[in-house]
Each structure stands twice: as structure tokens, then as C-alpha cells.
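Let's walk through this one together, question by question. Keep the view open as you read.

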Amino acid sequence: MDVLRYALLILHFIGLAAILGPFLDQLRASAKRITQTMVWGARAQVLTGILLVGVAEMNDVDVDHAKIGVKLAVALAIAGLAEVGGKKTRAALAGDGDLAPVRTFWWLVGALTVVNIIVAVSWR
Ligand code: HEM
């Protein structure tokens, strides 16, 4: 079961990188985009996070339900914002609408991801 936990934890970190990589890459860009990589990263965080909790429960590891509840709520907000921001980005790039409103989604996705990292490492 340790192999499964490690595999999921590695995917959890890859999902995190998929959100924050494109976010940081655009810090100095004038027009912000929610890339498909960010959208898939946000989806991966919800999925791998839930599976990590399942593996912990199966191993009789005590899971802090308040902490997981906060992380899940924040991750679902990130995923929702990434989905909508990603759709707006694709529409704008196809010539239907403009990228200006995506900026808010982009900032919220990046900031909430950092919030979840802080919760993950500092809530003990
Ligand atoms: C954007 C969303 C998320 C981010 C940035 C994130 C970040 C992290 C980080 C940095 C760790 C490693 C912390 C450490 O080992 O000290 C971690 C571990 C973990 N995360 Fe997340 N997480 C997210 C979403 C979720 C969700 C939605 C869940 C569950 C519903 C979850 C459940 C877990 C669990 C159970 C671990 C511990 C794994 C283990 O050590 O076995 N995470 N997360």
C-alpha cells in the first residue's frame, strides 16, 4: 500500500506543479491565460487528494477531517475557477470575447493553490 501512497503523492505534486508552473510563467505577462495544463492540474489535485485520503483510511492512518475538509473546499474552488477561466481563455483565443476577465480567475487560481500548500504543510 506504501507504493500506492507514494505513487499518488508523486501525482499530487505533479498536479500542483501543473497549476503553479504556468501560473508563475505568466507572472510578467500582460494578458493572463488559464491553460489546459492548469485545468488538468486542478482536476488532478481533487482526484489524487481524495485517493490519498482513501489510502490513508485503508492503512488506519488518522486523517484530520477538518484539514482535509478545508483542502477539499479550496481545491474545488480552484477547479471551478480553472474550468470557467479555461473556457473564457479558449473563447477569447478563438476570437469570441477578450482575455481581460481571465486575469481575476488566474490570480485566484494561483493564490488559492498557495493557500492549499500552506494548509498542507503548516496544519499539523
Ligand atoms: C490545489 C490543491 C492542493 C494542493 C496545492 C495540495 C498540496 C499538498 C502538499 C504540498 C502536500 C504534501 C504535504 C506534506 O506531505 O507535508 C499534500 C499532501 C496531501 N494532500 Fe494535498 N493538496 C491539494 C489538494 C488536496 C485535496 C483536495 C485533498 C483531499 C481531499 C488532499 C489530500 C492530501 C493528503 C491526504 C496528503 C498527505 C499525503 C500523505 O502524506 O500520505 N490534497 N497536499
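## The ligand and an aromatic cluster

Q: Where does the ligand sit, and which elements give two or more residues to the shell around the ligand?
A: Keep in mind that this is a predicted model. The ligand sits in the largest pocket. The elements that give two or more residues to the shell around the ligand are helix H1 (2-25), helix H2 (36-58), helix H3 (65-93) and helix H4 (102-122).

Q: How do the residues of the shell divide into nonpolar, polar and charged?
A: There are 20 residues around the ligand, and Arg5, His12, Lys71, Asn116 and Arg124 come nearest. Sorting the shell by residue type gives 12 nonpolar, five polar and three charged.

Q: How far is an oxygen atom of the ligand from an N or O atom in the side chain of Arg5?
A: Arg5 is one of the residues that come nearest to the ligand. A pair of N or O atoms counts as a polar contact within 3.5 Å. For Arg5, a side-chain N or O atom and a ligand oxygen atom are separated by 2.6 Å.

Q: Is the aromatic pair of Phe23 and Trp106 stacked or edge-to-face?
A: The count comes to three aromatic pairs, so let's take this one. The rings of Phe23 and Trp106 are 4.2 Å apart, centre to centre, with 25 degrees between the planes. Planes under 30 degrees apart count as stacked, so this pair of Phe23 and Trp106 is stacked.

Q: How many residues apart in sequence are the parts that the pair of Phe23 and Trp106 ties together?
A: Both Phe23 and Trp106 are buried. Because Phe23 lies in helix H1 and Trp106 in helix H4, their pair ties together parts whose separation in sequence is 83 residues.

Q: What kind of aromatic pair do Phe23 and Trp107 form?
A: This pair also links distant parts of the chain, with Phe23 in helix H1 and Trp107 in helix H4, 84 residues apart. Their ring centres are 5.9 Å apart and their planes are at 80 degrees. Planes over 60 degrees apart count as edge-to-face, so the pair of Phe23 and Trp107 is edge-to-face.

Q: Is Trp107 buried or partly exposed?
A: Phe23, Trp106 and Trp107 form one aromatic cluster. Phe23 has a relative accessible area of 6%, so Phe23 is buried. Trp107 has a relative accessible area of 41%, so Trp107 is partly exposed.

Note on methods: Residues numbered from 1 in each chain as written. Predicted model: local features only at pLDDT ≥ 70, side-chain atom pairs only at ≥ 80, totals over all residues. Heavy atoms only, no water. Near = heavy atom within 4 Å. Polar contact = N/O pair within 3.5 Å; in protein donor to acceptor, adjacent residues only side chain to side chain. 1 Å grid on protein atoms, 1.4 Å probe; cavity = no way out; pocket = protein on both sides within 12 Å on 5 of 7 lines; lining within 4 Å. Sits in = over half its atoms within 2 Å of the grid points. Helix = DSSP H or I, 4+ residues; strand = E, 2+ residues; numbered from the N terminus. Nonpolar A, V, L, I, M, F, W, Y, C, P; charged D, E, K, R; others polar. Phe/Tyr/Trp six-rings, centres within 6.5 Å; stacked < 30°, edge-to-face > 60°. Buried < 20%, exposed > 50% of the residue type's maximum accessible area, 1.4 Å probe, protein only.
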